[in-house]
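My entries follow in the order I made them.

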Amino acid sequence: MHILSELWNKPARLVIGLMSGTSADGIDAALTRISGCGMETSVELCSFLFIPFPAAVREKILYVAGGGGVDAAELCRLKTLLGQLYGEACLALCRQAGVGPDQVDLVGCHGQTVWHIPQPEEYLGRTLAGTLQIGEDALIAQAMGCPVVGDFRVRDMAAGGQGAPLVPYTEWLLYREAERTVALQNIGGIGNVTVLPAGCALEEVTAFDTGPGNMVMDALVRRLTGGERSYDEGGRLAAAGTVSRPLLAWMLSDPYLERNPPKTTGREVYGERYVRRLLAEAERMGVDLRDALATATRFTAEAVAVGLERFAPARPERLVVGGGGSWNETLLAHLRDCLPGCEVITNEELGLSSDAKEAVAFAILANEAVFGVCNNAPAATGAGAPVVMGKLSL
């Protein structure tokens, strides 16, 4: 364990965090400088890079994550390819930052979620829940020559949790306030919120997936533009449409919104099958594709408001929005409309990076793991106990 003892003895460490989310648009890579651990953690973002997945890779990820039938050989190939791409992303980030790979102390990699089973189900005579994130960490370790921590979610699930959400622990470390209740809303492929009551302890943190974030909107944009665009830049396409109240009411009848936390969701619920049902309902109601996009954008905001109203332990006085959806001005306007009396801002307005936020979180989670610090938030995931998440590749 000589490698780890060197890390433990450093006053600060250069740590790369890697994230590729349910939108499967590419890799977020953040170079951070971290000192301390646990309550003494201090983190500085040094450099950030987004590398889009090649179109064929994204198509394959979406196919597999959407329930497309693949054999073990295909899954093995995709896992290996993603490991190569993650390693290349680390090297590209180092070049951008002017840092040698040998100067990086640690990498934390979320991996690519291709399936998530948060609720126990029957399988071969057993009852189980599970999750699958792929991307070979050993290839990252080989490319960088440093330890890699990955596959975080499974340890929380082994302790009875849902393996998600994972960022509430890091948000509690970095964003909690003594006098004000703050909520952190990430809008990636899926929307997830963390509520930090004023002066809260970790066990008082509430977090859950609010429902679809960009996932449904992105699918509608691809249809609306014949595949020329993969997302609604600035929310301009949605702004040109009209929200259909009957279609919105149908979307708001979604049973997921009623489910009590801890709860998580993903492409297995809001993927291609959901979009086909949505479009069939829109056609039945005479709602065109542009108005369906406008309605789906409103629904993303409404789902956040419904979740906070029903499940937040205290009404947030400030909502900090991160993730790709934070650049969607139409969506932000809907959030402000749905949350009267709550200040809705983005990470950028705090001098932070919305794009880098989750990648930074996995750098922090990796740092906690190598110090043996429990890095899940049981109140958010439903785990029976705090655990140290992450598998180590040396």
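**Entry 1: leucine 335 and the cores**

I began with leucine 335. Leaving aside neighbours within four places in sequence, leucine 335 is in contact (heavy atoms within 4.5 Å) with Ile187, Ala301, Val304, Val321 and Val344. I note here that this is a predicted model, where local features need pLDDT of at least 70, side-chain atom pairs count only at pLDDT 80 or more, and totals for chains, interfaces and linings use all residues. Numbering runs from 1 along each chain as its sequence is written, and side-chain values use heavy atoms, without hydrogens and water.

Next I looked up the core. A nonpolar core is a set of buried Ala, Val, Leu, Ile, Met, Phe, Trp, Tyr and Cys residues joined through side-chain atoms within 4.5 Å. Buried means under 20% relative accessible area, exposed over 50%, and partly exposed in between, with a 1.4 Å probe and protein chains only. The largest nonpolar core has 46 residues, and Val216, Leu308, Leu319 and Leu335 touch the most other members. H12 gives the largest share of this core, 11 residues. Another core, of 40 residues, lies apart from it and includes Val149, Val182, Cys200 and Ala366.

**Entry 2: H7 against H12**

How are H7 and H12 oriented to each other? I read an angle of about 165° between helix H7 (residues 215-224) and helix H12 (residues 289-311), with their axes 9 Å apart. H7 and H12 are therefore roughly antiparallel. Angles over 145 degrees count as roughly antiparallel, under 35 as roughly parallel, 65 to 115 as roughly perpendicular and the rest as oblique. Axes are lines fitted to C-alpha atoms, for helices over the stretch in contact, and angles run from 0 to 180 degrees between N-to-C directions. Helices (H or I, at least four residues) and strands (E, at least two) are DSSP runs numbered from the N terminus.

The crossing of H7 and H12 is left-handed. A left-handed crossing has the near helix turned anticlockwise from the far one by less than a right angle, and a right-handed one clockwise. On the H7 side I found Val216, Met217, Leu220, Val221, Arg223 and Leu224; they meet Leu289, Arg290, Ala292, Leu293, Ala296, Thr297 and Thr300 in H12. The contact divides into nine nonpolar, two polar and two charged residues. Ala, Val, Leu, Ile, Met, Phe, Trp, Tyr, Cys and Pro count as nonpolar, Asp, Glu, Lys and Arg as charged, and the others, Gly among them, as polar.

Seven of the 10 residues of H7 are buried, so H7 is largely enclosed by the rest of the structure. The buried residues are Met215, Val216, Met217, Asp218, Ala219, Leu220 and Val221. Glycine 226 follows H7 and has a positive phi, near 65°.

**Entry 3: H3 against H4**

Helix H3 (residues 72-97) packs on helix H4 (residues 137-144) at about 30°, with axes 7 Å apart. That makes H3 roughly parallel to H4. The crossing of H3 and H4 is right-handed. From H3, Thr80, Gly83, Gln84, Tyr86, Gly87, Cys90, Leu91 and Cys94 meet Leu139, Ile140, Ala143 and Met144 in H4.

Is lysine 79 buried, exposed or partly exposed? Lysine 79 is partly exposed, at 34% relative accessible area. Not counting residues up to four places away in sequence, lysine 79 touches Ile134, Gly135 and Glu136.

Most residues other than glycine have a negative phi, and most peptide bonds are trans. I looked for exceptions.

- The peptide bond from alanine 164 to proline 165 is cis, with omega near -5°. Proline 165 sits in the loop between helix H5 (153-158) and helix H6 (167-175).
- The peptide bond from proline 261 to proline 262 is cis too, with omega near 0°.
- Leucine 124, not a glycine, has a positive phi of about 50°. I place leucine 124 in the loop between strand E4 (106-123) and strand E5 (126-134). Leucine 124 counts as exposed, at 72% relative accessibility.
- Aspartate 151, not a glycine, also has a positive phi of about 50°. The loop between strand E6 (148-150) and H5 holds aspartate 151. Aspartate 151 is buried, at 18% relative accessible area.
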